[in-house]
Amino acid sequence: MFSRKVLTPSLFSRFATTLVQRSVKTTPVSLGSPYAIRGDPSVASGQVKEKMNLFTAINSAMSIAMENDPTACIFGEDVAFGGVFRCTTGLREKFGEKRVFNTPLCEQGIAGFAIGMASMGVTAIAEMQFADYIFPAFDQIVNEAAKYRFRSGGEFNVGSLTFRAPYGAVGHGALYHSQSPEAYFCHTPGLKVVVPSTPIEAKGLLLASIRDKNPVIFLEPKWLYRSAVEEVPIGDYEIELGKARVVKEGSDITIVGWGAQLHVLADACEKAREDQGISCELIDLRTLLPWDRETVAQSVKKTGRLIISHEAPKTCGFSAEISAAIQEECFLHLEAPIQRVCGYDTPFPLIFEKFYVPDAFKNLQAINETVNY
Amino acid sequence: LGIMMLSRLSTRSLRGPLFSTFRGYAEESSTALFGRKLTYVHQLESLKPSALDTIPAYRIMDNAGNIIEGANEPKTNEEECVKMYKHMVTLSVMDRILYDIQRQGRISFYMTCVGEEATHTGSAIALKDQDTIFAQYREQGVLLWRGFSVEQMMHQCFSNAKDYGKGRQMPVHYGSKKHNFQTISSPLATQIPQAAGAAYAQKMLGMDDACTVVYFGEGAASEGDFHAALNFGATLECPVIFFCRNNGFAISTPSREQFRGDGIASRGIGYGIETLRVDGNDVFAVRETTERAREICVNEQRPVLVESMSYRVGHHSTSDDSSRYRPKEEIEGWLDTNNPISRLRGSDGN
């Protein structure tokens, strides 16, 4: 079901296998990871379900949002024909050209336009074609959208605004089709930042984001657009923002991640359990801003150990915020330093992607180091 | 005479002296130009900026306030003229007081709009209450005309508990939902694409007799957001008036260092937007221009660009001393010979 686009890894896998074998007594670790986790099964459990992948689930969410909100609009580059990732397929046919439309190629314009629309109370769902291209819109998002309500004393706001953007590694994206820019936005009071990890999660979180009365940046892991498939409720449901999900319960170590990385972490956790009987508690943060500090702290107080992993570069990555906050709150409970398993502090390279990303090996190694500290 | 529409002007200048030497022989409906006929020529000729006449500015009164012979008589009465005059004088007195208050250390900052009273008053009077206004920071006359009180201005500048903005922003960052005037923010030109979006929202909300107006200076029009906004306004057919106050300065930067083209008006046509240029110190002309712009916006649901030509008599702000970059004589020249308030007085309500 879930398959990474894998280059022939013979040399790499031998190196990796040796590395892992040296540190753990184990059977060889495979490179590809299965689509490791599913969305929260308790969500909308009474509803009829249908097989959907990530972009279909996102499409479903937007369709429902548009049905119930007659002035809601979706716009961005190429959304009219269905979007470069097919997320908006069929929406223009269903809701008309006034509500689903292409904009000129200009992210600062998309953002400014979206803000103006939302300031009038109209729901605006603005797509940035890749998160890597969101930076021209940074001024509008950070200086305007995030501050709109605060600076006007509540006279005005852009609560009905949602930005959507595909983010993250895709196997061949290199510098400008692989970035994870969440940390820049998490540093901005006034925004919410949400990252789903499965189709069920994506649909519920997107509906919640669109309806949330604050500007939300919704980052969609492009890796999972096609490859993540599950049975998703076809009706209307929301997943609460600001609340993390404990995906797997465990007792020895807490692992925190979000988006596509969650599946990598699940793989590492499974290997750790299989090979050394380490019991990992895996947490999907879902919302990064505001993040569910309570759930993570509660978990760390139980396990005494924490690893956070993300593709974004390590320095000032969002894991740094979680680290700092958790050591503040759980210092005396910690058995080992908090570890961050992240992308290197370089731009995202093409041919070296396999080495760059914080894969299951690196996480497995970190788990071992932490547990044996 | 009527208002000089740029469309008529360009027809005269563009097809006349520029390419008259040789007519193309093959025309085609061009995909690249979405249905415009593209002519091919085999004489290589570039289009020089100097070939286009400077876009003229519309005025009704001369500098003394006399209605120019042949110009449309302004449709007004004594009561209205007195109201406009009082408004402009109140504005200038309020500005003077708030400036001095800052100098006394009682507020932190202020920006006057001396010299631009006619631009504010003339444009504001042409709008309706349901027209949403976005502004830059030098449009207090527009907000006051809407009904925002002088007292409320004080609250905002003093950042006290009665400020609608709850004391969170610097002085002159006013805003008021009930007056349909969006709160000012310091970053320049960010409001311009927002106005295009707000105008689109007005369409979605079925507001048939409404438009959005966004004010900005000629300096802000150098920002990327300006270009983004005009392009969006045109392609998405937004009923928005892009209202540029060209007052000659962006802090210390004069317009000759801000752009090389024919002001801001010349950019409109490039984006496919109907454009009007007006004498910003002639309150009647500004009113008529804004009325016409509004009519186009509302009836034809498309954007309009207005460039109001004026002069910033005051300093950029209380943190600025403009004598450091311009001669006193230049300021006095404008005050004496082209003063919006005295021109209205001079018109004697004719």
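Author: A polar contact of 2.8 Å joins the side chains of Arg245(B) and Glu116(B), where a polar contact is a pair of N or O atoms within 3.5 Å; within protein, one must be able to donate a hydrogen and the other to accept it, and residues adjacent in sequence count only if both atoms are side-chain atoms. The model is predicted, so that local features need pLDDT of at least 70 and side-chain atom pairs count only at pLDDT 80 or more, while totals for chains, interfaces and linings use all residues, and side-chain values use heavy atoms, with hydrogens and water left out. Residues are numbered from 1 along each chain as its sequence is written, and chains are lettered from A and ligands numbered from 1 in the order in which they are written.

Reader: Does Arg245(B) count as buried or exposed?
Author: Arg245(B) has its place in strand E5 (residues 240-246) of chain B; strands (E, at least two residues) and helices (H or I, at least four residues) are DSSP runs, numbered from the N terminus. Leaving out residues up to four places away in sequence, Arg245(B) touches several residues, including Glu116(B), Gln136(B), Phe216(B) and Ser308(B), contact meaning heavy atoms within 4.5 Å. The classes are buried under 20% relative accessible area, exposed over 50%, and partly exposed in between (1.4 Å probe, protein chains only). Because its relative accessibility is 2%, Arg245(B) counts as buried.

Reader: In chain A, which residue of E4(A) stands opposite Ile74(A)?
Author: Strand E2 (residues 73-76) of chain A is covered on both faces, with Cys73(A) and Phe75(A) buried on one side and Ile74(A) and Gly76(A) buried on the other. E2(A) pairs in the parallel sense with E3(A) over three bridges, and there Ile74(A) stands opposite Val100(A). E2(A) also pairs in the parallel sense with strand E4 (residues 124-127) of chain A, over four bridges. In E4(A), the residue opposite Ile74(A) is Ile125(A).

Reader: How many residues does H4(A) give to the side of chain A that touches chain B?
Author: The contact takes 34 residues from chain A and 35 residues from chain B, and the two chains bury about 2,800 Å² between them, 64% of it on carbon and sulfur atoms, where buried area is the accessible area (1.4 Å probe) that two parts lose on being put together, summed over both. Across this interface the rule finds 14 residue pairs in polar contact, both residues at pLDDT 80 or more. Among the elements of chain A that give two or more residues to the side touching chain B are strand E3 (100-102) and helix H4 (107-119). H4(A) gives the most, with nine residues.

Reader: How many salt bridges does the rule find across the interface of chain A and chain B?
Author: A salt bridge is a side-chain nitrogen of Lys or Arg within 4 Å of a carboxyl oxygen of Asp or Glu. Across the interface of chain A and chain B, the number that the rule finds is zero.

Reader: Which residue follows H11(A) with a positive phi?
Author: The buried residues of helix H11 (residues 293-303) of chain A are Thr295(A), Val296(A), Ala297(A), Ser299(A), Val300(A) and Thr303(A). What covers them includes strand E13 (306-313) and helix H12 (318-330) of chain A. The residue that follows H11(A), with a positive phi near 80°, is Gly304(A).

Reader: What is omega for the peptide bond from Leu289(A) to Pro290(A)?
Author: Pro290(A) lies in the loop between strand E12 (287-289) and H11 of chain A. The peptide bond from Leu289(A) to Pro290(A) is cis, with omega near -5°.

Terms used: Pairing = 2+ DSSP bridges.
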